[in-house]
Amino acid sequence: MIPYIEKVFGPPGCGKTTYLASVIEKSGIPITDIAAVSFSKTASGRIYDKVASLGYSDDDLEFFRTLHSINFRMLNLKKDQVVTRRRLREFSKNHHILFSEQFLKDEDSDPSIAREYTDIREGSPDDFITSYERARNHNTPTIIPAHLKGHARRYAEFVRTYQQWMIQNDLYDFTRMIEEGIRRSLVPPVRLLCVDEAQDFTPLQYSQLDVWVQRSQSIEKMYLVGDPDQAIFCWAGAEPDLFMDFPCTKKRYLDITYRLPPNILAFSQAIIGKNIKRERFGVVSAIKNDGVFYKPHSFSQVARLIKDTIMKGDR
């Protein structure tokens, strides 16, 4: 068990990642005995860059990674064991499972199976593999997704084929790395554990954090940092309530935003305040002047703007 767990809440622009970097710098613990994890490369990259700027090398920051990357290291995997898009193209050809070209494009890029595009045809192989990944991240891998009830037989056959292909070829997609890390009860050999953007973790990823909490013999302190009011990855399986409900020793609130002007902060708080289950605390803006509201012509324009912003920022 980890003796001290602190949860840190804060709105956009309050310095959550900076706080984590400060905790790491002041901890007195050797940097090689510290892990800082998140669910995406962008989030893990922010804390990595902040700590690396203090003069540490990549070798020093071995456990400043995404969750799947840490599992990749603990499992002693090799790059050719990762399910890349190129591998999926081979799977598609050998098993006569026709993914769309849009799904298989950029073969050598980020091998995450989860796709950003939304025009997936229901009942297609694209739909099957993304739905299966989402089900696994919800810890419900054997349950057929509701929208695929009419394709139950084909979906179940796809899942069996995909599972067998990975096992027979000793391959791991990102989700299998985490599943295997949980199955083996693997825990990073560190003394300080920091989790950034904790509101965007899935049930499967929290299952691994639970294993670390229960099985670790070395971790002395754990910090979970996030903002459940700005969880935008629920489409990928994230459940902000898991961050809210995670047991802790102490809660800390970062209540000054250096990004949101007063009028935009007030507007957002009026909307967010309607959420019954949330961590309520006062937030003030450090900016003196009001911001400018962007007035879109339609909701579809808003959706496109949000989607484009997410894709540019995270991929």
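# Briefing: cores, pocket and selected residues

Gly28, which comes just after α1, adopts a positive phi of about 80 degrees. The structure described here is a predicted model. Its largest nonpolar core has 31 residues, and a second, separate core has 21 residues. The largest pocket holds about 1,700 Å³ of space. The points below are grouped by topic.

**The nonpolar cores**

- Within the largest nonpolar core of 31 residues, the members with the most contacts are Val195, Leu209, Trp212, Met222 and Leu224.
- Both strands and helices give two or more residues to this core: the strands are β1, β2 (34–38), β4 (192–195) and β5 (221–226), and the helices are α3 (67–74), α8 (174–183), α9 (203–215) and α10 (240–245).
- Helix α9 provides the largest share of this core, namely six residues.
- The second core of 21 residues is separate, and Cys14, Ile24, Val51 and Cys194 are among its members.

**Leu224 in strand β5**

- Leu224 belongs to strand β5 and is one of the residues with the most contacts inside the largest nonpolar core.
- Leu224 counts as buried because its relative accessibility is 0%, where the limit for a buried residue is under 20%.
- Beyond its neighbours within four places in sequence, Leu224 is in contact with Ile5, Glu6, Lys7 and Val8, and also with Val195, Ala198, Tyr206, Leu209, Phe243 and Phe246.
- Two of these partners, Val195 and Leu209, are also listed with Leu224 as having the most contacts inside the core.
- A C-alpha separation of 20 Å lies between Leu224 and Ala52, which are 172 residues apart along the chain.

**Glu6 in strand β1**

- Glu6 is found in strand β1, which covers residues 4–9.
- Glu6 is classed as buried because its relative accessible area is 1%.
- The side chain of Glu6 makes polar contacts with two tyrosine side chains: that of Tyr4 at 2.5 Å and that of Tyr19 at 2.7 Å.
- Tyr19 is itself among the buried residues of α1.
- With residues up to four places away in sequence left out, Glu6 touches Tyr19, Met222, Tyr223, Leu224, Lys250 and Arg252.

- The buried residues in α1 include Lys16, Thr17, Tyr19, Leu20, Ala21, Val23 and Ile24.

- Asn263 is buried because its relative accessible area of 18% falls under the 20% limit.
- The side chain of Asn263 reaches the backbone nitrogen of Gly291 at 2.8 Å.
- Apart from neighbours within four places in sequence, Asn263 is in contact with Asp290, Gly291 and Phe293.
- Asn263 and Ser285 are 22 residues apart along the chain, with their C-alpha atoms separated by 9.2 Å.

**The loop between α3 and α4**

- Gln81 is placed in the loop between α3 and α4 (85–95), and Asn76 is also in the loop between α3 and α4.
- Gln81 counts as buried because its relative accessibility is 13%, whereas Asn76 is exposed because its relative accessible area is 65%.
- Not counting residues up to four places away in sequence, Gln81 touches Asn76, Asp170, Leu171 and Tyr172.
- Asn76 has a positive phi of about 55 degrees, although it is not a glycine.

- Ser185, a residue other than glycine, has a positive phi near 55 degrees.
- Ser185 counts as partly exposed because its relative accessibility is 25%, a value between the 20% and 50% limits.

Key:
Residues are numbered from 1 along each chain as its sequence is written. This is a predicted model: local features need pLDDT of at least 70, side-chain atom pairs count only at pLDDT 80 or more; totals for chains, interfaces and linings use all residues. Side-chain values use heavy atoms; hydrogens and water are left out. Helices (H or I, at least four residues) and strands (E, at least two) are DSSP runs, numbered from the N terminus. Buried means under 20% relative accessible area, exposed over 50%, partly exposed in between (1.4 Å probe, protein chains only). A polar contact is a pair of N or O atoms within 3.5 Å; within protein, one must be able to donate a hydrogen and the other to accept it, and residues adjacent in sequence count only if both atoms are side-chain atoms. Contact means heavy atoms within 4.5 Å. On a 1 Å grid over the protein atoms alone, a cavity is a set of points where a 1.4 Å probe fits but cannot get out, and a pocket is an open set with protein on both sides within 12 Å along at least five of seven lines; lining residues have an atom within 4 Å of a point. Grid points are joined across faces, edges and corners, and a volume is the space filled by probe spheres set on the points. A nonpolar core is a set of buried Ala, Val, Leu, Ile, Met, Phe, Trp, Tyr and Cys residues joined through side-chain atoms within 4.5 Å.
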